[in-house]
Every structure is written in C-alpha cells, then in structure tokens.
Amino acid sequence: MAKEINAIGLDPEAYTQSLLNKIDKLVGLKEALIEMFNHNIDHHAMKVVQNHVFDTRDEIESMLEEIKERLKTLKEYHQE
C-alpha cells in the first residue's frame, strides 16, 4: 500500500501515521463514550463526545476516499 500511496503523490509514512492517529482517536473516543454511559455521565457531555466520534469518523472516511480517488485517477492514467 505504501507504494501506491507514494505513487499518487502522498508521503506514505506521514499519511499512514495521520490515519493511524485518527483511528486511535476514534477508538479512544468510543471507549470514553462507553465509560460515560456505564457511569451514567451527563447526557450533554456524552453528546459532545459522540459528536467528536462522528467528526473523526468522517475525517477517516474522507482520507480513505481521497486515496481511492487518487488511485482510480492513477489507474486510468496508466491505461491510456
């Protein structure tokens, strides 16, 4: 995968690290949300964390979609 990421003009190490950081953040946020639920933490506080979960998930999906589109463009370019 690093070769493909490099071929589409992204630094594979930096991009992979950024993606892993976002995944770690998402996992941590989800764990925090579960703990908050288990301890009957304020509903408003849970909603704030839940919004961060959704935002982080959207960032990850956007990064993966960007890779997908760049790979598609690269593949089309090489087929011409």
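**Entry 1, helix H2.** I looked up the buried residues of H2 and found Pro-12, Tyr-15, Leu-19, Leu-26, Leu-29, Leu-33 and Met-36. The model I am reading is predicted. An α-helix has 3.6 residues a turn, so residues three or four places apart point the same way. I then checked the extent of H2, which covers residues 12-38 and has 27 residues. From first C-alpha to last, I get a reach of 39 Å for H2, close to the 39 Å expected at 1.5 Å a residue. After H2 comes Asn-40, and I note that its phi is positive, near 50 degrees.

Is Gln-50 buried, partly exposed or exposed? I count Gln-50 as partly exposed because its relative accessibility is 26%, and the partly exposed class lies between the buried limit of under 20% and the exposed limit of over 50%. I also checked Gln-50 against Lys-30: they are 20 residues apart in sequence, and their C-alpha atoms are 7.8 Å apart in space.

**Entry 3, the whole protein.** I listed the secondary structure and got three helices and zero strands, in the order α-α-α from the N terminus on. Of the 80 residues in the protein, I find 21% buried.

How values were computed. Residues numbered from 1 in each chain as written. Predicted model: local features only at pLDDT ≥ 70, side-chain atom pairs only at ≥ 80, totals over all residues. Heavy atoms only, no water. Helix = DSSP H or I, 4+ residues; strand = E, 2+ residues; numbered from the N terminus. Buried < 20%, exposed > 50% of the residue type's maximum accessible area, 1.4 Å probe, protein only. Expected span 1.5 Å × (residues − 1).
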